[in-house]
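Subject: Handover of a structure and notes on its contents

Dear colleague,

Please find below the structure that I am handing over to you.

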Amino acid sequence: MRFSRLSWLALMPLLFTGCATIAPPQPPSLDLPKPPADLHAARKGDRVILTWTIPQATTDRLTIRSVGPTLICRTVAADLRECGTPVGETPGSNNSAGAGSAKPKPTASYTDTLPPQIESNEASAEATYAVEVLNHDRRGAGLSNQVRVPLIHTLPAPGNFQASVTGQGVVLSWAGRAAPALPGVRYVYRVYRRVQGEPHWTLVGEAPIAGEQPVSVTDPDIEWEKTYEYRADAVTLVGAAAKPETQVEGDDSATVSVLAHDVFPPAVPSGLQAVFSGPGQKLFVDLVWAPVSDIDLSGYNVYRHEAGAAAEKINTEPVKTPSYRDTTVEPGRKYFYSVSSIDVRGNESQRSDEASETVP
């Protein structure tokens, strides 16, 4: 059979295809999770909270659909060479994000309770932690990054923690306690606040731990008619040469709630003076006094009376400035004046010292 030129051209791609090179077979994946590199540790009292990102890929860069258990490793030596006997274990989990996924990477956590026998009075004593993520055959590729946690003893939570509302803010008070004198270690109390129903706590005050006398901290930055929650803890600050201080929080006190209800009047005005206008003018008495600085001040009330009579308020609306002109005076009378301050919620101060003036 003879092939035309067009027939040969049609067969050429098939001939070249048959000569293609076949890649050598790849070894099967060991399915070993890539060790986490973001292990983080935070200590609170005798508890160490560990958090890390669950691996998304194997050591040979394949996507993991699920991982096996994770071993929690701890030593009081300088470094972990291998996990040895773990102090805990977390169960396996499905990897719903997957490597390269736009979804947030899943995280895991574990809380380890420090045995009393390894806690120390030495500022330099530390525990070292790592985790090892295993596959479903309980095989792993090694330890995560290692983190260190101070083993210094922490103080108990403040006792008899109380909150009371004053005109200057919320006063927090509790029973003090003695702290050990340890080289490179100091202690402070810290007070935290949040608006009831909100998740975030704000540091509002700090006081040194100096003995068993009562301790108090005032929180002036409040908004009236809001309900606040407060807690306190004792913080151990561990300093080392050429290193920043490490902070170890103790256990929290009981949380107390308080409604910042304003029943507190502003300050009493002072320095009141009364001056008659003088002859040849329309009769009036000018009053001036030192301004009150309360931030919720609404204004002032002015009171007047004659000898033997009860004082009466002579302004119809709160006076906005620390001055007032009384144009209702009559000649031949002596008047006695006093002023008070009022806030935006209607709380009124006591009256000032009186000032008098005679109208000729």
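This is a predicted model: local features need pLDDT of at least 70, side-chain atom pairs count only at pLDDT 80 or more; totals for chains, interfaces and linings use all residues.

Where is the place of Arg 138? Arg 138 is found in the loop between β8 (126–133) and β9 (147–150); helices (H or I, at least four residues) and strands (E, at least two) are DSSP runs, numbered from the N terminus.

Residues are numbered from 1 along each chain as its sequence is written, and side-chain values use heavy atoms, with hydrogens and water left out.

Backbone angles

Most residues other than glycine have a negative phi. Arg 138, although not a glycine, has a positive phi of about 60°. Its relative accessible area is 46%, so Arg 138 is partly exposed; buried means under 20% relative accessible area, exposed over 50%, and partly exposed in between (1.4 Å probe, protein chains only). Asn 160, also not a glycine, has a positive phi of about 55°. Asn 160 belongs to strand β10 (residues 159–166) and counts as exposed, because its relative accessibility is 55%.

Salt bridges

A salt bridge is a side-chain nitrogen of Lys or Arg within 4 Å of a carboxyl oxygen of Asp or Glu. The search of the whole structure finds 22 of these salt bridges. One of them joins the side chains of Asp 233 and Lys 44, at 3.1 Å from N to O. This pair links distant parts of the chain, with Asp 233 in strand β15 (residues 227–240) and Lys 44 in strand β1 (residues 40–44), 189 residues apart. Both Asp 233 and Lys 44 are buried. Asp 233 also meets Arg 231 in a salt bridge (3.8 Å, N to O), and Arg 231 is buried as well. A network of salt bridges links Lys 44, Arg 231, Asp 233, Glu 249 and Asp 252.

Another salt bridge brings together the side chains of Asp 296 and Arg 345 (2.8 Å, N to O). Asp 296 lies in the loop between β19 (285–290) and β20 (297–305), and Arg 345 in the loop between β23 (333–343) and β24 (355–359), so the pair ties together parts that are 49 residues apart in sequence. Asp 296 is buried because its relative accessible area is 15%, whereas Arg 345, at 34%, counts as partly exposed.

The largest pocket

Which residues are the closest to the centre of the largest pocket? Of the 14 residues that line this pocket, they are Gly 167, Trp 224, Asp 294, Ile 295 and Asp 296. The lining has seven nonpolar, three polar and four charged residues; Ala, Val, Leu, Ile, Met, Phe, Trp, Tyr, Cys and Pro count as nonpolar, Asp, Glu, Lys and Arg as charged, and the others, Gly among them, as polar. On a 1 Å grid over the protein atoms alone, a pocket is an open set of points where a 1.4 Å probe fits, with protein on both sides within 12 Å along at least five of seven lines, and lining residues have an atom within 4 Å of a point.

The disulfide

A disulfide is a pair of cysteine sulfur atoms within 2.5 Å, and the search of the whole structure finds one. Cys 73 and Cys 83 form it, with their sulfur atoms 2.1 Å apart. The link is left-handed, with -100° about the S-S bond. Cys 73 is buried, with a relative accessible area of 0%, and Cys 83 counts as buried at 9%.

Yours sincerely
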